[in-house]
Amino acid sequence: MVILGLNEVPQAGDILQVMSDLTIAREVATQRQRQQRLEAMATTRGVSLDDLFSNIQQGKIKELNIILKADVSGSIGAIEHALGQLNTSEVQIKIIHRGTGTITESDVNLAVASRAIIIGFNARPDPAARRSAEQQGIDIRFYNIIYQLTDDLRKAMIGMLDPEWKEVTEGFADVRNTFRLPSREIVAGLYVTDGKIMRNYSVRVLRSGVVLHDGKIGSLKRFKDDVREVQSGYECGLVVEGFTDVQVGDNMEFYRKEKVERTA
């Protein structure tokens with residue numbers, strides 16, 4: 001039997017199904033292609049920095065792929081040079097993609113396809129990228145000092161990573177307006193877009209995905225009342241302790257830290 005008009009060469013063992021309607025056939029084909037992509041992404045997961053040493057010992061890794069996002073291009077050049085000094089006979093560090101600004105969902109998808117870890121140097125992921133990374137098991141590491149970045153990688157390569165404090169991101173907010181107090185402090189009028197804000201959380205101020213400030217919440221108010229918590233979908237006023245350069249259009253990321261004992 002000869003079949004004409006196929007867009008791709010079928011694989012041995014594929015099943016050809018006859019459909020009565022072309023539209024239905026295309027819908028079924030599209031759905032099956034989507035399912036195949038999801039299954040492929042589920043089985044092709046990124047490498048965890050925590051498991052790097054054991055993977056090297058088992059011969060599973062000869063090349064550590066890294067996706068690097070930084071605040072400015074000058075940081076990228078300095079990091080590339082520093083990482084190049086870590087290459088050994090067991091594993092070579094390879095930066096497969098570099099760029100400035102926000103870590104995006106396309107960066108996460110590339111990490112899935114290439115079994116890479118993502119490093120953000122004064123750069124943070126947007127909410128969609130963070131959710132995608134969590135769902136697909138992609139390791140995103142954040143640094144603001146090059147020495148700490150290279151020291152973590154060096155220790156991971158020899159199986160001597162120290163206990164760490166894991167960041168748990170709890171919420172995001174957009175700066176809608178700003179007000180200056182008589183004390184010269186700036187109150188940021190926020191709309192909480194995701195998660196929640198609690199008074200004891202830490203806060204990062206982001207502009208185009210780049211970290212401007214990382215610190216503590218000075219005050220949190222709803223209308224004129226001090227509050228402990230503001231949920232997604234509500235507005236509030238917030239003062240960032242020790243930072244007065246908040247502008248309309250900035251974003252804020254709220255997080256807490258919990259200690260994690262390494263097991264490998």
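Ala 70 has Phe 121 of strand S3 as its bridge partner. Strands here are DSSP runs of E with at least two residues, helices are runs of H or I with at least four, and both are numbered from the N terminus. The model is predicted; local features need pLDDT of at least 70, side-chain atom pairs count only at pLDDT 80 or more, and totals for chains, interfaces and linings use all residues. Residues are numbered from 1 along each chain as its sequence is written, and side-chain values use heavy atoms, with hydrogens and water left out.

Strand S1 (residues 63-70) runs parallel to strand S3 (residues 116-121), and 6 bridges join the two. Two strands count as paired if DSSP finds at least two bridges between them. An open sheet of 4 strands has the order S2-S1-S3-S4, with parallel pairing. Its edges are S2 (92-100) and S4 (140-143), each of which pairs on one side only. From one strand to the next, the twist averages 25 degrees. Helix H6 (residues 146-157) packs on this sheet and touches S1, S2, S3 and S4. The direction of H6 makes about 155 degrees with that of S3. Such angles run from 0 to 180 degrees between N-to-C directions, with axes fitted as lines to C-alpha atoms, for helices over the stretch in contact.

Lys 69 is found in strand S1. With a relative accessible area of 6%, Lys 69 is buried. Buried means under 20% relative accessible area, exposed means over 50%, and partly exposed lies in between (1.4 Å probe, protein chains only). Contact means heavy atoms within 4.5 Å.The largest nonpolar core has 22 residues. A nonpolar core is a set of buried Ala, Val, Leu, Ile, Met, Phe, Trp, Tyr and Cys residues joined through side-chain atoms within 4.5 Å. Ile 66, Leu 83, Ile 93, Leu 149 and Leu 153 have the most contacts inside this core. Two or more residues come from each of S1, helix H3 (73-84), S2, S3 and H6. Leu 83 is in contact with Ile 66, Ile 93, Ile 95, Leu 149, Thr 150 and Leu 153, leaving aside neighbours within four places in sequence. A second, separate core holds 21 residues, among them Val 240, Phe 243, Val 246 and Phe 254.

Strand S11 (residues 235-240) is mostly covered, with 5 of its 6 residues buried. Strand S6 (residues 186-198) runs antiparallel to S11, joined by 5 bridges. Here Val 187 stands opposite Val 239. Strand S8 (residues 210-222) also pairs with S11 in the antiparallel sense, over 4 bridges. Ile 217 stands opposite Val 240 of S11.

Most residues other than glycine have a negative phi. Arg 115 has a positive phi, near 50 degrees. Arg 115 lies in the loop between helix H4 (105-114) and S3, and is partly exposed at 39% relative accessible area. Asn 122 likewise has a positive phi, near 55 degrees. The loop between S3 and helix H5 (127-136) holds Asn 122, which counts as buried at 18% relative accessibility.

Two arginines sit over rings. Arg 124 lies over the face of Phe 142, 3.6 Å from the ring centre. The charged end of Arg 204 is over the ring of Tyr 255, at 4.1 Å from its centre. The criterion is NZ of Lys or CZ of Arg within 6 Å of the ring centre and within 35 degrees of the ring normal.
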